Structures are given as structure tokens and as C-alpha cells.
Amino acid sequence: MILRRWPVLLLLPSVLSLALSASTCSAQSPTTALSQFDLGRGAGEESKLPERLKEISGLAMTADGRAFGHDDEAGIIYEIDIRHGQVVKKFSLGHETVRGDFEGVAVAGDRIYMVTSDGEIYESPEGRDEERVRYNTYDTGVGRQCEVEGLAFEPAGRVLLLPCKRARIKSLEDWIVIFRWSLDGRRMAEPSRIAIPRRLLSAGFRDEFRPTAIERHPVTGTYFVISARDPTIAEITPAGEVLQIRGLRKQRHRQPEGIAFTPDLSLVIADEGERRGQLTLYRRSQQGN
């Protein structure tokens with residue numbers, strides 16, 4: 001199912017509600033980045049992950065095409081061979097491995113960032129295999145407003161994007177909110193968030209859209225956001241315009257928790273598994289479906 005283009009406004013720090021624009025975009029929208037991927041039956045290349053990554057909860061790609069992932073219980077970062085699902089190396093945060101509910105990872109230059117469901121950010125360098133690395137932590141304050149799931153780096157303004165999976169305050173319950181945190185200022189960016197009416201992303205699907213992963217497309221700059229319930233993927237502009245929404249095959253995507261792009265712009269989705277996690281690589285095609 002494909003739905004396209006609803007404009008919304010940026011949600012400024014002091015504003016807790018938005019009005020929808022009265023205008024709508026033409027149904028004859030140009031090709032989106034998401035439409036270039038065949039997500040149907042038989043498409044994609046699967047690779048199983050080791051048992052220790054059965055609860056993979058985040059995925060990120062370096063500029064030179066190496067993938068990093070993590071599970072949702074410990075501050076351990078794994079470099080993963082995405083074609084074979086093998087762990088190339090792993091390194092840990094702290095002299096004694098940090099424990100927490102980790103829900104996303106992003107790479108910005110030579111630094112790696114992880115985020116917890118309470119919006120606490122962990123910053124570290126890349127480590128060697130089995131190395132324990134020093135880290136810094138920053139409390140974004142977002143956790144008081146919502147449960148965070150997913151993390152992505154926005155080069156423009158050097159901002160981290162933190163999607164809200166579940167609101168913890170009533171005023172955000174009807175919105176899909178993506179918070180913006182400045183790496184250089186170590187505080188919320190300006191504007192501090194993007195908000196989209198939840199009903200626009202949930203229309204036509206059995207379950208409400210609740211983000212579990214986010215990544216920025218390296219060329220278009222649009223955001224690919226995944227919801228694990230009734231697995232769905234949406235492409236959204238930095239201004240909050242919904243360009244396209246597509247369903248993912250439940251038979252393949254049991255619980256999508258991570259997303260990344262390879263240097264050749266292939267799309268990689270990471271799923272938690274009952275026994276083993278899984279990576280699925282989708283190559284670009286010239287025609288959408």
C-alpha cells in the first residue's frame with residue numbers, strides 16, 4: 001500500500017499543538033527515494049546474525065561502508081559483515097560494560113553515538129576488537145516526554161534525530177515526533193522537533209505507526225522511518241512532509257529495529273529474531289512498486 005505527500009509544520013520548542021496545512025500536494029508526485037526499492041516477495045538478500053544479536057536494536061553505517069549494530073541490553077557495539085551476517089569485531093563502553101535499554105546507534109565522523117529509551121546519549125570513539133573504550137553521556141531530557149527508539153545523524157547542523165515511539169505526556173499522544181539534538185551545542189537544536197499527525201502515518205494499516213528506527217538518505221536528505229507494528233516504512237522530509245508510506249512483508253520482517261544505507265545506496269533493515277536476528281539488503285531498482 002502506498003500513500004503520499006501530506007505537508008505538516010515544524011513543531012517549535014514552545015508549541016505543543018499544530019494545525020495542518022489546508023493545502024494538499026498533487027497525487028502525481030515525483031519518484032521518491034523509497035519507491036526505488038522493490039520490497040515485495042522474493043526481493044532482498046537475507047543474512048542471519050549470530051545468536052548474541054538476536055535482539056539487534058540498532059544499525060548504522062560508516063562513511064567507508066562498514067556496518068555497526070548493537071543489542072538492546074548492553075553498551076557493546078558490533079561491526080557486522082552485512083552480506084554474511086558475521087561479526088567482524090566488537091568493543092564495549094566502559095571498564096565494566098554499561099547496561100541499559102539501548103535503542104539506536106549513529107555514526108558522525110569519528111564518533112559513535114548510542115541512545116537509550118530514556119533519551120540518554122552515549123558518545124565514544126570506535127574501538128579495536130575486544131577493546132573497552134571511554135565514553136561520555138548526555139541527558140537530552142527527551143525521556144521525560146517520550147520513549148525514544150531509533151537514532152540517526154543529520155549532517156546539516158550536526159544534529160542527532162531521536163524518534164518518539166511512545167508519548168509520556170498527553171500533549172504528544174496524537175503526534176509522531178522526531179526530536180533534534182545538537183552535537184556541538186550539546187542541547188536541543190533549533191527547532192527542537194518535527195511533528196506529524198499520527199493518523200497520517202497510520203491510515204490504512206492495522207496498527208498505529210510507532211517509530212522503531214530512523215535513517216537519513218545520503219543523497220535526498222529525506223528520513224526513512226520504520227514502525228515494527230504492522231511493519232511499515234515511511235519517507236519523510238526534514239520539514240515533516242510525508243512523501244510515501246509502504247508496508248513491509250511481515251513474513252520477512254518479524255520486528256524491524258534498525259535501518260541503514262550502504263555507499264551504493266542499498267537499503268539494509270535489521271530485524272530482531274526469536275532465535276537469531278536478521279539483516280535484509282534491498283538494492284535500488286529504477287521502478288517503484
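This is a predicted model: local features need pLDDT of at least 70, side-chain atom pairs count only at pLDDT 80 or more; totals for chains, interfaces and linings use all residues.
**Group meeting: a cavity, a sheet and its aromatic pairs**

The largest cavity in this structure has a volume of about 50 Å³. One cavity of 30 Å³ or more is present.

Let me begin with its lining. Fourteen residues line this largest cavity, and those nearest its centre are Gly58, Leu59, Leu151, Ala213 and Glu257. Two or more lining residues come from each of the elements β3, β7, β17 (211-216) and β21 (256-261). Sorted by class, the lining comprises six nonpolar, six polar and two charged residues.

Strand β3 brings me to the sheet. Five strands form an open sheet with mixed pairing, in the order β3-β4-β5-β6-β10. Which strands stand at the edges? They are β3 (56-61) and β10 (132-133); each has a single partner strand, so one side of each is left without a neighbour in the sheet. For β3 and strand β4 (residues 67-71), the sense is antiparallel, and the pairing runs over five bridges. Within that pairing, Ala60 has Phe68 of β4 as its bridge partner.

I turn now to the aromatic rings. The structure contains six aromatic pairs. In one of them, the rings of Phe102 and Tyr122 have centres 5.2 Å apart and planes at 70°; an angle over 60 degrees counts as edge-to-face, so this pair is edge-to-face. Phe102 belongs to strand β7 (residues 102-108) and Tyr122 to strand β9 (residues 120-125); the pair thus links distant parts of the chain, 20 residues apart. Both Phe102 and Tyr122 are buried.

Tyr122 also forms an aromatic pair with Tyr135, at 5.5 Å centre to centre and with 35° between the planes, and this pair is tilted. Because Tyr122 lies in strand β9 and Tyr135 in the loop between β10 and β11 (136-139), the pair ties together parts 13 residues apart in sequence.

Are Tyr122 and Tyr135 buried or partly exposed? Tyr122 counts as buried, because its relative accessibility is 9% and the limit is under 20%. Tyr135, with a relative accessible area of 33%, is partly exposed.

Notes: Residues are numbered from 1 along each chain as its sequence is written. Side-chain values use heavy atoms; hydrogens and water are left out. Two strands pair if DSSP finds at least two bridges between them. Helices (H or I, at least four residues) and strands (E, at least two) are DSSP runs, numbered from the N terminus. Rings of Phe, Tyr and Trp (its six-membered ring) pair if their centres lie within 6.5 Å; planes under 30 degrees apart count as stacked, over 60 as edge-to-face and the rest as tilted. Buried means under 20% relative accessible area, exposed over 50%, partly exposed in between (1.4 Å probe, protein chains only). On a 1 Å grid over the protein atoms alone, a cavity is a set of points where a 1.4 Å probe fits but cannot get out, and a pocket is an open set with protein on both sides within 12 Å along at least five of seven lines; lining residues have an atom within 4 Å of a point. Grid points are joined across faces, edges and corners, and a volume is the space filled by probe spheres set on the points. Ala, Val, Leu, Ile, Met, Phe, Trp, Tyr, Cys and Pro count as nonpolar, Asp, Glu, Lys and Arg as charged, and the others, Gly among them, as polar.
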